[in-house]
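Please open the model in your viewer and keep the selection panel at hand. The tour below goes from one selection to the next and says what is to be found at each stop.

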Amino acid sequence: MTKKSKSAQEYKIGEFARKAGVPVSTVNYYVKQGLIQPQATTPSGYRIFSEDGLRTVSTIRELQTEYLPLDEIKKQLRQKGRLRGRLPQMSLPFEEFELAPVTFRFPSTRYQGSKLKLVEWIWQNIKHLRFETALDAFGGTGCVAYMLKTKNKEVTYNDILRFNHYIGLALIENDKETLSSDDLRLLLTKHKGVKYPTFIYDAFHDIYFTDEENSWLDMVVRNIQFLKNRYKQALAYYALFQACIIKRPYNLFHRKNLYIRTAEVKRSFGNKITWDTPFAVHFVRFVEESNESVFSNGRKARALNLDVFDMDGQYDLVYIDTPYISSKGVGVDYLEFYHFLEGIVNYDKWSTLINHKVKHKSLEHEKSLWTDKNRIHDAFDRLFHKFRDSILVVSYRSDGVPTDSELMRLLRKYKRDVVELNRKDYKYVLSNNGSEELLFVAA
Ligand SMILES: C[S@@+](CC[C@H](N)C(=O)[O-])C[C@H]1O[C@@H](n2cnc3c(N)ncnc32)[C@H](O)[C@@H]1O
């Protein structure tokens, strides 16, 4: 990737990240924060970074080990002469990396089924509707709830998984708490006199993370409990989840596959660097990102942790993004993919929840309605009936079960005015294995 023709000391982002020993996403984050700047852009739009930038990253990493907040890091970089004025925003003629096409400050995430890249499209298709209160009923990362919060709606986030609920608390319900450098110090140091548990170290040897990393997780999970404020706790959990996800091959916990990280095989991507970057470095970065996402829109936002069918209350608009069942009938089982994070938020009883029959030690659970192709039609019918008095906005995929025309028929049972939109008609997007992103708006 080096731009060797000009100078061996100029790098495109991939090589720059490799040289700096940080993930590409971290470089993007530093650029966004104005901590480093590309020195030029090639005619085809690639950003070029310099040797000087590498030294700046190394200084940032040193300062991060002292748990300094971003502002302080900026101040010190300035004092060291490493921070100049911001370059004017450079626009790229294509997407060099995956970024949400929105201006809001939602932290980066690698969650299955996240609609982060679609939130602006969703907004463009619902902004004409009259609504004040909105429910994101299957909230996941919370990016849709967050988008609605930035549009000054009174937002309720919901998700059945407890770890996701913490995400909703941190980014949706929370309207002012952030984690300070004192909080970071509390979280990331071993305190004298505290007997740290060793559950993850004992139970998950050789499954997802190294022994040293497992011990670090045991320590941080314990330290999170020392934070007094529940929103601060939620922010810390949030950063921990993101750090766990980014360090996992495939960003999932569906298999015992630590060996992928340690095997001596040739890799073409920066994955290994991301996996081997210490937990604390990822954690601090995600804390910073999520701190910046905290805001109030002046209205009461809420985060709930319920099965969607147990919810009460009336909402002007309900956004529905259920787990997806492929045309082959295979459903995305979120608890199976993210059981480790659900274990973290149930740390004290985790051992009693594990299914010890499987090597990857996921949690015992029944098959969900939303992943069962034989019950899914009925589930959608009940859901649309339940929220029949609200505007229904449904994210969907063109190759799912039920089919899009079946879903349309179900919506028409309760709503007269139903529109089906296809994302490829909005902006040119390559379809993924013939699967297209759909949005039903039923008013
Ligand atoms: C496709 S994801 C939602 C993604 C989300 N819109 C985003 O952009 O991040 C589906 C979510 O539904 C949640 N879920 C599954 N069954 C549920 C239920 N019965 N009630 C509420 N949430 C449920 C899962 O935990 C998962 O986070």
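Axes here are lines fitted to C-alpha atoms, for helices over the stretch in contact, and angles run from 0 to 180 degrees between N-to-C directions. Helices (H or I, at least four residues) and strands (E, at least two) are DSSP runs, numbered from the N terminus. This is a predicted model, in which local features need pLDDT of at least 70 and side-chain atom pairs count only at pLDDT 80 or more, while totals for chains, interfaces and linings use all residues. Residues are numbered from 1 along each chain as its sequence is written.

**First stop: a helix pair**

Select residues 51-64, helix α3, together with residues 70-79, helix α4: their axes come within 10 Å and cross at roughly 135°. That makes α3 oblique to α4, given that angles under 35 degrees count as roughly parallel, over 145 as roughly antiparallel, 65 to 115 as roughly perpendicular and the rest as oblique. On the α3 side, T56, T59, I60 and L63 meet I73, Q76 and L77 of α4, where contact requires that C-beta atoms, placed from the backbone, lie within 7 Å. By class, this contact of α3 with α4 has four nonpolar, three polar and no charged residues; Ala, Val, Leu, Ile, Met, Phe, Trp, Tyr, Cys and Pro count as nonpolar, Asp, Glu, Lys and Arg as charged, and the others, Gly among them, as polar.

**Second stop: the cores**

A residue is called buried if 20 or more other C-beta atoms lie within 10 Å of its own, exposed if 12 or fewer, and partly exposed in between, with C-beta atoms placed from the backbone. A nonpolar core is a set of buried Ala, Val, Leu, Ile, Met, Phe, Trp, Tyr and Cys residues joined through C-beta atoms within 7 Å. Now select Y238, L240 and L392, which have the most contacts inside the largest nonpolar core, one of 94 residues. The largest share of this core, 13 residues, comes from helix α11, residues 230-246. Apart from this core lies another, of 16 residues, among them Y11, A17, V24 and Y30.

The α11 side of the contact includes L235, Y238 and L240, and the α14 side includes F283, F286 and S290. Leaving aside residues up to four places away in sequence, Y238 touches Y166, I167 and A170 as well as F286 and S290.

Next, select helix α15, residues 334-344, which is mostly covered, ten of its eleven residues being buried. These buried residues pack against α7 (162-173), α10, α11 and α16 (350-353).

**Fourth stop: single residues**

In helix α10, residues 211-224, pick D211, which is partly exposed, with 13 other C-beta atoms within 10 Å. D211 touches Y201 and H205, again without residues up to four places away in sequence.

Which residues does a cis peptide bond join? The bond lies between V401 and P402, with omega about -5°, and P402 is found in the loop between β8 (391-397) and α18 (404-414).

Finally, go to N152, in the loop between α6 (143-150) and β5 (154-158): although N152 is not a glycine, its phi is positive, at about 65°. N152 is exposed, with 11 other C-beta atoms within 10 Å.

Key:
Two residues are in contact if their C-beta atoms, placed from the backbone, lie within 7 Å.
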